[in-house]
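Hi,

Here is the structure I promised to pass on.

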Amino acid sequence: MPSNGRGLLSEQVCFPTKGNPRLLVQREREESCVRTVPDFHLTALEAGYCGTMLSLGSGGAKSSKPSFVSYVTPEEIKLEKDLPKKEKHPDLLPGEVVFCSANPILKYTQDDLSQRGVFGTLFCTNFRVTFLSDELTQEEKSKTFKNKLYGENDIPLMCVDHIYGVYDEKRKLITGSLVKNKYPSKIIIHCKDLRVFQFCLTYTKEEDTKKIFQGIAHHCLEEKSLKCIFAFSYAGTPSPEMQRKRETIMFESPEDWTQEMKRTKAKCRLVTENENFELSQRLPKYFVIPSALEDLFSYQGKGLPIWCWSHHSGCALFKASFPPMTQEEVDFQKHLDTMINAVAHNYLYSVKTEDLSESLPTILDIQQSYNKFKQFFLIDNSTDFWLSDVKWFSSLESSGWLDIIRQCLHKAVEVVECIDKDNTNVLITEEEGTDLCCVISSLAQIMLDPYYRTLMGFQSLVQKEWVAGCHAFLDRCNHLHQKDKECHSPVFLLFLECVWQLVHQHSPAFQFSETYLTVLSDSVHVPVFSTFLFNSAHHRESVMKAESPLAQSGTLSCPTVWDWSVQFDSKAQNFFFNPLYSEKVKHEKTVRKPHKPKLISRSKTTIGERAPSGLHQRQLSLPSSAFKTPPKKGFFKDETDSLKKMLRVKRISRWMGSPDSPVAATREFYESWQQRPLDYHGLLLPSLDGPAVHVWMQRYVRWIPEVHIQGGGSMAVMTKFMELLSQVQDLKRVLEQRDTSQAAKFDHRPHLQHRLLSFGSSGRLSSSFPFAYSRNRSFKPIIPTGLMQSLMVTDNLASQEDEAS
């Protein structure tokens, strides 16, 4: 509540009357914003674990000119006081426990200059902070895209980003321990999914205020151990639905890796020596390396080139951490040469290496840039939004986040160029090999392999490169609220941002939709799934086994995020699929005469020139080679072997050329690709020009009503397409009744039968659908921003809008 300048809380209540001017009744309660309370400690049940008390940090001041306005009659107020209130309790998940609660709590809404709200009860559990309204809106009942685990008024504890307290109209950041006997009149919670919640504590009893404020701040901000995460309370015996056969490849067994090697025709070796983590705890249980690599125990878990993907020509993509540092520089260089030589043996002794830590932003740079970027979407009220609208686009660009996305996409295109055009092995490296290496390798595979553009293929890619690849999700996502900020960085979100750019530019090439990517980014911060909860495979296995109540019989089992039935029903999962996806039509196989490839020499083929179209495996020469060994075994074998040994040192090189030459070469490669017929099931490259890199609007502005397009936007177009596809399916079912065999041949898209929706009138949807629905809100008129800003500084704007309504 705002202050009236004398340290008193004021409340304005407007009473609409028939035939009479609206009366303004102002009540002033002589209650100080700074409350004096005795020492207070949470019980074990309420606090869950011991920790330090909370303190206040510095924060920017926020001006809130209008006070709370409620349009009710005096009779309704009297009736509300006389009626006995029924206690409401949230529907708890298995293993969820309520720590503390408070009532009545006023939850503000972001509605113009005046702050309107609804009363209810605020709970803090071991899973979430949840607000239970005294009234259940019709909108909540009729939702078609509803999460089973949490609703629009629920905040998972891992999803809390920052908490602010309002003291005498000044907003201060809650950082750690609490100054005794001082509690705010309002708390503001910023979430990692960019929602903003404001709760007024003015109407709550002092004792309840202490409990709810300390409980929320303690459970959301204080450092905790991993066993305090709700996943370990929620986990138990998997349901039969969870135990069903997964279509997503989890890469948790040698069979999974063997299957992927066969699919890509990789000529590498599967390593099973680390099954019990005897090689290193930093490496996966199973992984693939070049066949020429030996003596794995000498690497100390670092510097091993790990296979990612193989091209149909034979070259492959590898990633590695830096070799172990030793006192002798000679040993380091020898180890580096051994690693590169092993990769070179994979395909004609040709390899290019790239140190991503030198060419891409650091982990700290990524964190700082995103922190600046997200501030423009964390809107407390519409006043702040319209004031920030003056320099919105320039402010977004100045954060550097979009530029980092562009750099990652550009580096991935460079990798694709070396593999697809130059036919060389590529080895990307960084300090640990589990951050930017995961980003670039995953993007390159999506551009090269259409399998990873399907929903199951994409999920398998995340499992292979990120989960099994030992990305430190626990540290990077800061699930435990650690104070060491240097290790916190939204690297996985950066990857999803880059994927969204590809989906946005080439929608028919992807089976999954941007709604799927948005939900996936949200699911990272839901403390139920084990997918994004650990730092490595060893960390996952050791923790899950230690926390199992029946450790001797097996490890604890948590649901995987890919089991979407835990969060959504089948109708809601329909939004994950892209109705514009262009499936590859299977043509009948024709018998063709075997084609004998010709030798293509360096003198006849320039760099970047493709082999004749008849070659499935492009036969291009090496950068320093005069010819390439033909497929026929033993042909020119002695001559080529001696030539390889002579030129091997020259072929094993860094990214060649000056810093400007790769950019020019990539531009030529991109323009050459653009001139070909567009194939959504072939090579796919993003546009990297400045205007081509967009803001992921669905994720970032879905909670800001002022930017929603009523009856328009991309979702309105999507729903129209889905309605047309639904009609096509109806026609197919009619054909199926007439001739089952013909209908089976005609239907090339069987999965659509299970995922088409009837939305009714798509004109009623907004651009934020399905995350936010059309609401009765008053929007600002479409007038110049400068004039808007001048109008908003006036003190009478709220009353003018009230009179107009």
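This is a predicted model: local features need pLDDT of at least 70, side-chain atom pairs count only at pLDDT 80 or more; totals for chains, interfaces and linings use all residues.

E207 counts as partly exposed, because its relative accessibility is 38%; the cut-offs are under 20% relative accessible area for buried, over 50% for exposed and partly exposed in between (1.4 Å probe, protein chains only). Its salt-bridge partner is K210, with the closest N and O atoms 3.9 Å apart. A salt bridge here is a side-chain nitrogen of Lys or Arg within 4 Å of a carboxyl oxygen of Asp or Glu. K210 is buried, because its relative accessibility is 4%. Both residues sit in helix α4 (residues 206–221), and because they are three residues apart they are separated by about one helical turn. An α-helix has 3.6 residues a turn, so residues three or four places apart point the same way.

Residues are numbered from 1 along each chain as its sequence is written, and side-chain values use heavy atoms, with hydrogens and water left out.

The protein chain has 805 residues, and 54% of them count as buried. Its secondary structure comes to 26 helices and 18 strands; these are DSSP runs numbered from the N terminus, with helices being H or I of at least four residues and strands E of at least two. The accessible surface is about 38600 Å², and carbon and sulfur atoms hold 54% of that (Shrake-Rupley method, 1.4 Å probe; for residues, only the protein chains shown count as cover). Among contacts with a separation of 6 or more, 73% are between residues 24 or more positions apart, where contact means heavy atoms within 4.5 Å.

How far does the predictor trust its own model? The average pLDDT of the protein chain is 75, and 66% of the residues score at least 70 (pLDDT is the predictor's confidence in each residue, from 0 to 100). Confidence is highest in helix α13 (residues 436–448), at a mean of 98, and lowest in strand β2 (residues 23–32), at 32. Residues 588–661 stay under 50, and the model has 98 contacts beyond four places in sequence for them. The pLDDT is also below 50 over residues 776–805, a stretch with 37 contacts beyond near neighbours in sequence.

Back to the salt bridges: the structure holds 22. K285 and E541 form one of them, at 3.2 Å from N to O. This pair links distant parts of the chain, 256 residues apart: K285 is in the loop between β12 (268–271) and β13 (287–290), and E541 is in helix α18 (residues 537–546). K285 is partly exposed because its relative accessibility is 22%, and E541 is partly exposed too, at 33%.

E354 and K411 make another salt bridge, with the closest N and O atoms 2.7 Å apart. They also link distant parts of the chain: E354 is in strand β16 (residues 351–355) and K411 in helix α12, 57 residues apart. E354 is buried at 10% relative accessible area, and K411 is buried at 7%. Through shared partners, salt bridges join E260, R263, K319, D449, K464 and E465 into one network.

Helix α12 also holds R406, which is buried because its relative accessible area is 16%. Leaving out residues up to four places away in sequence, R406 touches E397, L688, D689, G690 and V693.

Now the inside. The largest nonpolar core has 109 residues, with F458, F495 and Y700 making the most contacts inside it. Helix α12 (residues 401–420) gives the most to this core, with 12 residues. A nonpolar core is a set of buried Ala, Val, Leu, Ile, Met, Phe, Trp, Tyr and Cys residues joined through side-chain atoms within 4.5 Å. Beyond four places in sequence, the contacts of F495 are V439, S442, L443, I446, F458, V462 and W466. A second, separate core of 28 residues includes I155, C159, F199 and F213. Helix α17 (residues 514–523) is mostly covered too, with 10 of its 10 residues buried.

Cheers
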